[in-house]
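Here are my notes for your review. Please read them with the model open.

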Amino acid sequence: VGVGGKQVSVGGKNFTEQYLLSEMTAFLLKEEGFEVKEMNNLGSTVVRKALENEQVDLMWEYTGTALITYMGKEPISDPEETFQKVKAIDAKNGILWMNMSEVNNTYALAMTKEKSKELGIKSISDLASYIKENPGKLTIASDAEFANRPDGLPGVEKKYGFNFGAENIKQMDIGLTQRALDNNQVDVSVAFETDATIREYGLVTLEDDKHFFPPYRAAVSINEETYEKYPEIKEITARLADKLNSDIMRELNYKVDIEGNSVSVVAHDWLVENGLLE
Ligand code: PBE
């Protein structure tokens, strides 16, 4: 593609599902004649800033993340309402939302089956009571985002009324948290609902019995100028949104994180198998 060709940049965050989503999107756009620049491996606030500054033209973002972390609103439990609210607010920011998928990548707190049984902790309320009775006894593995976001640990602790204590929060890359749990280096860990590691390591996720976490549906957010220039992006990305769900996402994450296949191969093969790419 030479000068004057169709060019877009696709942004993505720093975990496997996001690498996959942006890679699949890039494959589809390239197939339609776009020159695609991928801007990957960014933290949530960084990629959001890049979208606002138009360094990133489009990305797959999670509804709940936008609602709470970017917009500072209270959680809404209904997925469609969450999407509509985020869409309405961001329209004023020059960012359009479209193609909400069935992928719900919510945060969760995970424990090993053994520890959950031993301590009798099945829900976050159980965890809160245990910590209140045994202050300082449990540790949690968390990435920097979860440790600091309003829809992360600070929010969970406030809603359920407990405190791990700063010294008991072990910060590490998200890719390492489940392993730390599996190795008994920590008692609790943050997890993503579509993580392949939850099942692989036989972990349990604690019931969010007070319904703290909002829906986190993956949807396309795109800056207005890009959409006005290339309205076909809506239909192109809809092909993905229509087919993906949490189970499929977990399976694709499994192929990368557990089986060790490359993101590019997993993304490409899935598109071909589903008739989206030749
Ligand atoms: N999430 C869970 C985070 C990471 C995974 C979707 C809430 C986010 O990227 O916003």
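1. A salt bridge here is a side-chain nitrogen of Lys or Arg within 4 Å of a carboxyl oxygen of Asp or Glu. By this rule the count is 12 salt bridges. The model is predicted: local features need pLDDT of at least 70, side-chain atom pairs count only at pLDDT 80 or more, and totals for chains, interfaces and linings use all residues. Residues are numbered from 1 along each chain as its sequence is written, and side-chain values use heavy atoms, with hydrogens and water left out.

2. K13 pairs with E61 in a salt bridge, with the closest N and O atoms 2.7 Å apart. K13 sits in strand β1 (residues 6-13) and E61 in strand β3 (residues 58-62), so the pair ties together parts 48 residues apart in sequence. Strands (E, at least two residues) and helices (H or I, at least four) are DSSP runs, numbered from the N terminus.

3. K13 also faces the ligand: one of its polar side-chain atoms lies 2.9 Å from a ligand oxygen atom. For T65, a side-chain N or O atom is 2.5 Å from an oxygen atom of the ligand. R149 places a polar side-chain atom 3.0 Å from a ligand oxygen. Taken alone, the ligand exposes 280 Å², and the protein buries 99% of that. Areas come from the Shrake-Rupley method with a 1.4 Å probe.

4. Which residues surround the ligand? They are K13, F15, S44, Y62, T65, N105, Y107, R149, F192 and Y216.

5. Check two backbone angles. Most residues other than glycine have a negative phi. N41, in strand β2 (residues 34-42), has a positive phi near 65°. E54, in the loop between α2 (44-52) and β3, also has a positive phi near 65°.

Technical notes: Near = heavy atom within 4 Å. Polar contact = N/O pair within 3.5 Å; in protein donor to acceptor, adjacent residues only side chain to side chain.
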